[in-house]
Amino acid sequence: MIQTPVLTVVTVTPDDSLQRDRGCALNDSGYLSTMDAADIVASVLILGIVVVSLLSNVVVLICFLYNPEIRKQVPGLFILNLTFCNLLLSVSNMPLTLVGLITTGHPGGAGFCHIVGFLDTFLTTNSMLSMAALSIDRWVAVVFPLSYHSRIRHRDAVLALGYTWIHSLCFSTVATCRSWVGYHHLYASCTLCNARAKGAGVQFMVFTVALHTLTFLLTLIVMCVTYLKVLKVARFHCKRIDVITMQTLVLLVDIHPSVRQKCLEEQKRRRQRATKKISTFIGTFVVCFTPYVITRIVEIFSPGPISPHWGILSKCLAYSKAASDPFVYSLLRHQYRKTCSVLANKILKRSPLNSSSFRTETKVGRDTNSTANNIQPSPNKAFNQ
């Protein structure tokens with residue numbers, strides 16, 4: 001008996017007829033797969049980023065609200081805006097990306113995904129421009145220290161933040177109104193999706209290139225120019241201090257050898273301090289955002305498929321910037337460390353006098369260092385603050 005083959009016809013809606021590797025996929029689109037080892041590692045990584053980002057940015061926000069000196073400073077407004085973007089990104093986009101990895105599809109309906117995609121474009125763009133504003137502020141503080149307060153005022157900072165918001169709102173609103181945002185399986189998140197812009201291929205390409213040029217590339221150029229000028233000024237002042245230090249050591253014939261050695265060590269650390277900080281500012285920005293931006297550009301111009309594992313990794317690196325920003329720009333600074341110490345003492349109901357013996361011992365240990373530190377004030381005081 002000859003069996004007649006049966007042809008099964010499956011009706012697929014337009015929103016669901018999307019490619020798995022490079023398009024938008026829904027839970028009911030037929031792409032059923034189990035998590036492999038790479039997805040599990042990515043899920044654990046995103047979970048860790050969410051936890052670190054939430055805790056560190058909340059601590060920065062508490063320090064800002066608690067310490068009036070931080071609130072009076074102009075950079076505090078830029079840091080507050082950056083913290084706001086990182087917190088909102090941590091509670092909206094990151095958890096949904098984690099759910100998308102676990103369920104291999106986007107959680108919620110199309111309208112909800114559009115809102116999340118709007119936030120993804122807006123918050124990422126806003127945070128990048130806030131970093132550019134911080135670099136300009138540090139450049140003015142170091143290169144023009146005497147006229148800093150007349151050049152950079154709170155009104156100027158508010159105007160700069162207004163521009164960052166308008167810039168970010170324009171790009172995110174255009175993408176949402178044109179329905180260019182949706183669930184992108186390559187990144188397991190609701191974001192700009194080229195599969196939803198098939199009818200406007202050239203327009204979407206122009207939009208994507210303009211977005212990354214006026215955000216990522218613009219911010220990178222501003223950071224490189226400003227911080228390299230800051231490094232140049234810092235090195236110039238370090239050379240002056242080194243000359244004064246060596247002249248003082250020559251004149252102080254009876255100085256103890258250990259003090260002389262500490263002076264030389266402090267001289268070496270002084271040369272490296274500004275370089276390390278500037279390398280951290282620029283390096284974290286490049287490492288976290290460059291893979292994601294390059295993947296975005298390659299995606300719209302290259303016909304070949306892109307590995308989903310690479311897409312998830314690039315998205316995780318972009319998310320990791322929200323977890324590293326509190327340490328890079330805030331928590332490692334003296335004012336924030338001091339505020340955290342005061343808050344910890346209050347929480348633990350510990351009087352500052354209880355640590356007086358520790359401070360006395362520390363002061364005795366640093367007495368030998370005072371000669372080197374008091375020879376000349378630090379040239380990077382404005383930069384460190």
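Asp156 and Arg153 form a salt bridge, with their closest N and O atoms 3.6 Å apart; a salt bridge here is a side-chain nitrogen of Lys or Arg within 4 Å of a carboxyl oxygen of Asp or Glu. This is a predicted model, in which local features need pLDDT of at least 70 and side-chain atom pairs count only at pLDDT 80 or more, while totals for chains, interfaces and linings use all residues. Residues are numbered from 1 along each chain as its sequence is written, and side-chain values use heavy atoms, with hydrogens and water left out.

**Salt bridges**

- The count comes to 5 salt bridges.
- Asp156 counts as partly exposed because its relative accessibility is 23%; buried means under 20% relative accessible area, exposed over 50%, and partly exposed in between (1.4 Å probe, protein chains only).
- Arg153 is also partly exposed, at 38% relative accessibility.
- Asp137 pairs with Arg138 in a salt bridge whose closest N and O atoms are 2.6 Å apart, and both Asp137 and Arg138 are buried.
- Arg296 and Glu299 form a salt bridge at 3.7 Å, N to O.
- Arg296 and Glu299 are 3 residues apart in helix H8, so about one helical turn separates them.
- Arg296 is buried at 4% relative accessibility, and Glu299 is buried with a relative accessible area of 2%.

**Overall make-up**

- The chain contains 12 helices and 2 strands; these are DSSP runs numbered from the N terminus, with helices (H or I) of at least four residues and strands (E) of at least two.
- Along the sequence the pattern is α-α-α-α-α-α-β-β-α-α-α-α-α-α.
- The chain has 385 residues, of which 45% count as buried.
- Of the contacts (heavy atoms within 4.5 Å) between residues at least 6 apart in sequence, 80% join residues at least 24 apart.

- Strands E1 (residues 181–184) and E2 (residues 189–192) run antiparallel and are joined by 4 bridges; two strands pair if DSSP finds at least two bridges between them.
- Gly182 stands opposite Thr191 in E2.
- E1 and E2 make a hairpin with 4 residues between them, and Ala188 in the turn has a positive phi of about 55 degrees.
- Ala188 is buried, with a relative accessible area of 4%.
- Ser179, in the loop between H6 and E1, has a positive phi near 60 degrees and counts as partly exposed at 30% relative accessibility.

**Nonpolar cores**

- The largest nonpolar core has 43 residues, and Phe285 and Tyr329 have the most contacts inside it; such a core is a set of buried Ala, Val, Leu, Ile, Met, Phe, Trp, Tyr and Cys residues joined through side-chain atoms within 4.5 Å.
- Helix H8 (257–301) is one of the helices that each supply at least two residues of this core.
- H8 gives the most to this core, with 8 residues.
- Leaving aside neighbours within four places in sequence, Tyr329 contacts residues including Ile79, Met131, Tyr227 and Phe281.
- A second, separate core of 23 residues includes Ile49, Leu96, Leu123 and Tyr183.
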